[in-house]
Amino acid sequence: RMATAPPSYCFVAFPPCSKEGLVVFGKNSARPRDEVQEVVYFAAAAHDPGSKVECTYIEIEQAPRTHAVVLSRPSWLWGAEMGANEHGVCVANEAVVTREPAAESEALLGMDLVRLGLERGATAKEALDVIVALLEEHGQGGNYYEDGNSCHTFQSAFLIVDRKEAWILETSGKYWAAEKITEGVKCICNQLSLTTKIDAEHPELRNYVRSQGWWNGDTDFNFSEVFSRADDHVTCCSGRESLEKRGGDISAQTMIDVLRDKESVSACLTTASFVSVLPQDPSSPGVHYFTGTPDPSRSIFKPFIFVDDVKLVPKVQSPSFGDHDPAKKIPRFQEKPDRRHELYKAHERVRSVLESDQDKGQNLMRIMLELEKQGLEAMEDILTRAEILDAAEVVDLFYDCVDTELKFFK
């Protein structure tokens with residue numbers, strides 16, 4: 001029987017559901033419980049013609065130029081679960097199971113495609129085009145988990161968002177379909193959700209499913225009906241309902257509240273969370289909030305804004321093992337190194353306090369949420385200002401927030 005992906009959710013809200021002139025994006029990343037996620041920044045770069053880039057499992061042609069990106073990623077791999085680029089594009093990935101088994105042979109992971117889309121796409125549509133072109137050329141496959149005992153493989157779904165529109169992209173092997181969204185609330189999870197509204201697709205998609213006998217061409221083409229396994233039913237998340245109830249008023253805080261709501265989005269399996277606020281006015285900066293730690297109900301969402309020379313934050317980066325990393329050696333994953341970063345370790349210590357001393361725990365959480373609220377209010381101020389942002393004001397922003405959190409934990 002094929003693996004099932006842990007329940008994971010990803011949301012976008014556009015006006016008129018979101019707060020005036022904002023696009024709000026959010027994701028809880030559900031991964032193996034002990035896996036560490038790090039938050040990493042890579043500056044924009046120019047690359048020599050003919051140069052290659054080493055992804056998680058395979059090497060591919062590098063682009064002439066890559067955009068600056070900030071990513072939340074399982075620290076053993078090259079790609080990312082979710083992230084943003086300097087042009088206000090956000091991408092997140094969901095592992096999905098379709099009626100076609102995903103390939104065990106090593107190719108691009110869905111998470112590699114998240115990073116490649118962000119590095120090479122200056123709009124949501126460009127990122128979509130990058131992802132589907134690379135999918136066609138290199139395919140998707142390989143172990144999704146750092147596990148030497150068994151190979152867990154999945155197909156991929158993506159939510160790709162910019163200030164104007166979003167694309168839901170769902171794939172099975174190299175075949176894909178996509179729907180464009182420009183208003184309201186949308187949620188994607190670990191099941192296919194595209195039905196008959198398809199705005200772009202693989203040119204051979206319909207011929208392929210006809211040749212497999214999955215669709216006879218007499219009925220409307222419904223992507224999730226054709227590609228889902230018989231026992232999968234599209235009941236995505238109730239988090240979408242919580243968001244729709246807040247229609248017209250969805251902000252970073254609303255999205256954070258939904259990601260923390262264990263009833264609607266099973267936050268307890270979450271290894272990291274991410275929220276982005278993209279003003280539709282391109283002169284205002286996007287603000288990207290990362291936890292860098294598991295369980296959003298016990299984590300602080302810390303803001304990041306793209307500016308030149310942004311200060312790097314080693315305390316949310318996992319140790320690097322270079323070529324000796326068991327994820328890079330063949331056979332892979334023969335041992336599991338300690339990948340915990342400083343913030344993750346501090347968070348573990350606090351978690352034991354939260355679990356052992358209820359009063360102290362509640363007090364800690366109250367202060368943590370107060371810290372977070374101050375950050376959210378400061379960002380709100382930046383977003384509603386008339387004057388252009390002074391880069392010096394935010395160059396240390398994420399660094400300082402992580403530092404404050406660590407001091408508080410000590």
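**Entry 1: K27**

I looked up the side chains of K27 and E94 and found a polar contact of 3.2 Å joining them. I counted a polar contact as a pair of N or O atoms within 3.5 Å; within protein, one must be able to donate a hydrogen and the other to accept it, and residues adjacent in sequence count only if both atoms are side-chain atoms. This is a predicted model, in which local features need pLDDT of at least 70, side-chain atom pairs count only at pLDDT 80 or more, and totals for chains, interfaces and linings use all residues. Residues are numbered from 1 along each chain as its sequence is written, and side-chain values use heavy atoms, with hydrogens and water left out.

The K27 side chain also makes a polar contact with the side chain of S8, at 2.9 Å. I then placed K27 in strand β2, residues 22–30. Strands (E, at least two residues) and helices (H or I, at least four) are DSSP runs, numbered from the N terminus.

Is K27 buried or exposed? K27 is buried, with a relative accessible area of 0%. My cut-offs were under 20% relative accessible area for buried, over 50% for exposed and partly exposed in between, with a 1.4 Å probe and protein chains only. I listed contacts (heavy atoms within 4.5 Å). Leaving aside neighbours within four places in sequence, K27 touches residues including Y9, C10, E81, M82, L259 and F274.

**Entry 2: the sheet**

I traced an open sheet of six strands in the order β14-β1-β2-β16-β17-β18, with antiparallel pairing. Two strands pair if DSSP finds at least two bridges between them. The edge strands, each pairing on one side only, are β14 (185–188) and β18 (302–304).

I checked β16 (residues 270–279) against β17 (residues 287–290) and found antiparallel pairing over four bridges. V277 has V287 in β17 as its bridge partner. Helix α11 (residues 397–409) packs on the sheet, touching β17 and β18, and its direction makes about 165° with that of β18. For such angles, axes are lines fitted to C-alpha atoms, for helices over the stretch in contact, and angles run from 0 to 180 degrees between N-to-C directions.

**Entry 3: helix α8**

I went through α8 (residues 342–356) and noted L343, Y344, A346, H347, V350 and L354 as buried. They lie on the same side of α8 because they cover an arc of only 155° around the axis. The arc is that of the directions from the helix axis to the C-beta atoms. The face turned away from the buried side carries the exposed residues E355 and S356. I found β18, α9 (358–384) and α11 among what covers the buried residues of α8.
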